[in-house]
Amino acid sequence: MLIRLTYASRATNGVSSQLIRDILDSSQRNNPAKGLTGMLCCNAEIFLQVLEGPRAAVNELYTRLADDHRHKDLTILDYAEISARRYANWSMGWAGAKQSNRELFLKYSCSDRFDPFSMHAEQIRGLLLELEDNVSAIKPPLID
């Protein structure tokens, strides 16, 4: 049985390019063996992540993430059984919550700021679908 879990969290000490690279490196190294795929979207303060895969693997990873000191306030926004993966080609894709996406944020929420905590599951699914065009399976550039 496949599961898709979407959660948001707040960065404990902010999000740097190096932190994103570290998360992507770890995900891209470890996720394939566990049958996990997904996408990470973030800005300087907030993470939004989608995980897909077998129920046990998704739940195990989420439990580990809940203990990760790099973020806090983990909130499950959507958890559902799925018939097919949306992110099958990405052990972990990355989309930055860039200024250029402000129209998308406004389209799916009450403001043009990236704040998945203020959105319901259907809005987040729509936002993620449109952000897929901006996803990179490679690492973000170091800009810090």
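Biologist: Let's start with the overall layout. How many helices and strands does the protein have, and in what order do the elements run?

Modeller: The secondary structure comes to four helices and five strands. Reading from the N terminus, you get β-α-β-β-α-β-β-α-α. Of the 144 residues, 47% count as buried. Among contacts with a separation of 6 or more, 79% join residues 24 or more positions apart.

Biologist: Before we go into detail, which element has the lowest mean pLDDT, and which the highest?

Modeller: Remember the general rule: where pLDDT is low, the predicted coordinates should not be read in detail. The protein averages a pLDDT of 85, and 88% of the residues score at least 70. Among the elements, strand β5 (residues 93-96) has the lowest mean, 70, while β1 has the highest, 96. Then there is the stretch 137-144, where pLDDT stays under 50. The model does give residues 137-144 20 contacts beyond four places in sequence.

Biologist: On to the strands, then. Which strands does β1 pair with, and in what sense?

Modeller: β1 has β3 as one partner, joined by nine bridges and running antiparallel. Strand β4 (residues 71-82) is another, again antiparallel and again with nine bridges. You can see both pairings at one residue: Ala8 has Leu48 as its bridge partner in β3 and Thr75 as its bridge partner in β4. Another pair to look up is Ser9, which stands opposite Phe47 in β3.

Biologist: How many residues of β1 are buried?

Modeller: Eight of its ten, so strand β1 (residues 2-11) is mostly covered.

Biologist: And β3, why is it described as largely enclosed?

Modeller: Because eight of the nine residues of β3 are buried, the strand is largely enclosed by the rest of the structure.

Biologist: What connects β2 to β3, and how many bridges do they share?

Modeller: β2 and β3 form a hairpin with three residues between them. They pair in the antiparallel sense over six bridges.

Biologist: How do I read the two faces of a strand, and which residues of β2 point which way?

Modeller: In a regular strand the side chains alternate between the two faces of the sheet. In β2, Thr37, Met39 and Cys41 point one way, Gly38, Leu40 and Cys42 point the other way, and all are buried. With six of the six residues of strand β2 (residues 37-42) buried, the strand is largely enclosed by the rest of the structure.

Biologist: Now for backbone angles. What stands out about phi at Asp73?

Modeller: Asp73 has a positive phi of about 55 degrees although it is not a glycine. You'll find Asp73 in strand β4.

Biologist: Is Asp73 buried or partly exposed?

Modeller: Partly exposed, because its relative accessibility is 43%, which lies between the 20% and 50% cut-offs.

Biologist: Which elements supply the lining, and what kinds of residue are in it?

Modeller: α1 (17-34), β3 (46-54) and α2 (55-66) each supply at least two residues. The largest share, five residues, comes from α1. By type, the lining divides into seven nonpolar, six polar and three charged residues.

Biologist: Why does Ser27 count as buried?

Modeller: Because its relative accessibility is 10%, and buried means under 20%. So Ser27 is a buried residue that is also among the closest to the centre of the largest pocket.

Conventions:
Residues are numbered from 1 along each chain as its sequence is written. This is a predicted model: local features need pLDDT of at least 70, side-chain atom pairs count only at pLDDT 80 or more; totals for chains, interfaces and linings use all residues. Side-chain values use heavy atoms; hydrogens and water are left out. On a 1 Å grid over the protein atoms alone, a cavity is a set of points where a 1.4 Å probe fits but cannot get out, and a pocket is an open set with protein on both sides within 12 Å along at least five of seven lines; lining residues have an atom within 4 Å of a point. Ala, Val, Leu, Ile, Met, Phe, Trp, Tyr, Cys and Pro count as nonpolar, Asp, Glu, Lys and Arg as charged, and the others, Gly among them, as polar. Buried means under 20% relative accessible area, exposed over 50%, partly exposed in between (1.4 Å probe, protein chains only). Two strands pair if DSSP finds at least two bridges between them. pLDDT is the predictor's confidence in each residue, from 0 to 100. Contact means heavy atoms within 4.5 Å.
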